[in-house]
Amino acid sequence: MICCARCGLEYPSDTKIWRCTCKGELEYQNQHKDNIPPPEGLALRPHSIWRYREVLPRLEDEDIVTLGEGCTPCVTAKWHGFPVWFKLDFLCPTGSYKDRGVSVMISHLKQMGVRSIVEDSSGNAGASVAAYAARAGMECTIFVPSDTSPAKLAQIRAYGAKIKAIDGTRQDVAEACQKAVEEDGSGETFYASHNWNPFFLEGMKTLAYEIWEECARSEMIPDWVVVPAGYGSCALGAYRGFLDLVNQGRLSQIPKLIIVQAENCAPIYHAYLRGEARVAPVRGTGTAAEGIACSNPIRGTEVLRAARKSDGLVMAVSEEEINSAAVKLAKDGIFVEPTSAVVGAALGRLIDSGVILENDIALGILTGIGLKAGTLTHSSGIF
Ligand SMILES: *Cc1c(COP(=O)(O)O)cnc(C)c1O
Ligand SMILES: [Zn+2]
């Protein structure tokens with residue numbers, strides 16, 4: 001069942017709408033959820049997010065569209081003098097964590113019989129949706145900002161998707177895409193927006209399941225989990241996944257979530273700082289962290305609540321901190337895009353200021369590979 005987060009109206013799971021008639025965002029309520037097996041019960045499962053079938057939306061085997069997403073490694077690093085963990089989620093098949101959510105979203109759309117989709121994206125989600133649509137045999141068009149990095153555009157094109165480049169802000173791109181859906185006379189084209197689609201978020205919960213599965217063996221569940229946030233799918237996915245584990249008795253408590261934004265575009269951070277309950281839109285300026293440059297996050301208030309409920313915090317880091325963290329990670333063999341480097345920047349500041357202590361277990365999620373980052377990275381000469 002699908003339910004509106006704003007007015008509570010209920011819809012069947014195969015509804016063709018992408019938001020409620022009240023314009024509220026939709027949530028998936030999994031009524032078939034079983035208990036997740038203990039780690040030893042998972043050993044022989046597929047090496048992908050689909051090893052957690054009990055807690056994912058119920059789908060027929062033949063509808064599952066997978067490229068082996070998830071099951072990414074965690075490595076240790078010495079960061080500002082302290083040992084920390086980094087989860088290399090940029091090793092997902094299209095080079096970003098988005099594959100987790102997209103695999104679930106596209107599988108669900110395949111089950112619904114959808115043949116043609118559109119999506120708007122700053123790059124990585126578009127590349128991911130294009131890849132999984134190709135695998136599912138769906139027609140796909142991606143709306144992108146006209147300054148999207150050339151490598152991301154080449155990747156989207158390579159998968160066979162059409163590209164519509166839009167001048168303007170990220171919001172303008174989303175609106176152009178939504179207008180195209182409304183004007184599609186056939187009504188056959190589905191708005192497969194990773195930011196609106198509730199099945200995408202279900203896939204993102206696997207971040208938490210994996211961290212738990214890997215850490216439970218060594219009884220090293222992290223005290224802190226650090227994620228970047230634009231629209232906040234990593235943050236909300238991790239929070240809700242950990243909550244599932246607590247509710248199913250697999251974890252005693254949720255790790256403290258550190259949710260990181262770029263100072264130049266930080267609506268969730270501003271609401272957090274002022275102690276407000278709701279996130280209001282901001283007027284963002286440019287940031288090298290192009291993947292989190294979102295001035296009006298759809299589920300921003302939920303993300304803010306997740307930070308508070310986990311006893312964690314929201315931070316904003318400067319362009320200087322982002323650049324120097326990207327360089328520092330690369331010098332340790334880890335090449336990520338600036339959007340991911342915000343996690344390193346936040347960890348650095350929290351270690352330097354004594355919030356994270358030497359014996360704490362801190363894990364940062366590195367979401368996007370450095371190879372296809374924006375012109376900002378290449379031309380700024382930080383590497
Ligand atoms: C999309 C993206 C993010 C941010 O995800 P949100 O859901 O917008 O918070 C972070 N890192 C990378 C590499 C991304 O592509
Ligand atoms: Zn509603």
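This briefing looks at a zinc site and at one alanine in a helix. The model is predicted, so please read the values below as computed ones. At the zinc site, the zinc ion (ligand 2) is held by Cys 4, Cys 7, Cys 20 and Cys 22. Elsewhere in the chain, Ala 133 sits in helix α2.

**The zinc site**
- Each of Cys 4, Cys 7, Cys 20 and Cys 22 coordinates the zinc ion (ligand 2) through its SG atom, at 2.3 Å.
- The arrangement around the zinc ion (ligand 2) is tetrahedral because its four donor atoms subtend angles of 105 to 115°.
- Along the chain, the donors of the zinc ion (ligand 2) are spaced as C-x2-C-x12-C-x1-C.
- Within this set, Cys 7 and Cys 20 link distant parts of the chain, 13 residues apart.
- Cys 7 belongs to the loop between β1 (2-4) and β2 (10-11), while Cys 20 belongs to the loop between β2 and β3 (26-28).

- Cys 7 has 44% relative accessibility, so it counts as partly exposed.
- Cys 20 has 3% relative accessibility and therefore counts as buried, the cut-off for buried being under 20%.

**Ala 133 and its surroundings**
- Helix α2, which holds Ala 133, covers residues 124-136.
- Ala 133 counts as buried because its relative accessibility is 0%.
- Leaving aside residues up to four places away in sequence, Ala 133 touches Ile 106, Ile 117, Met 138 and Cys 140.

Note on methods:
Residues numbered from 1 in each chain as written. Chains lettered and ligands numbered in written order. Predicted model: local features only at pLDDT ≥ 70, side-chain atom pairs only at ≥ 80, totals over all residues. Heavy atoms only, no water. Donors = N, O, S within 2.8 Å, 3.2 Å for Na, K, Ca; no water. Tetrahedral: all angles 85-135°; square planar, octahedral: opposite > 155°, others 65-115°. Helix = DSSP H or I, 4+ residues; strand = E, 2+ residues; numbered from the N terminus. Buried < 20%, exposed > 50% of the residue type's maximum accessible area, 1.4 Å probe, protein only. Contact = heavy atoms within 4.5 Å.
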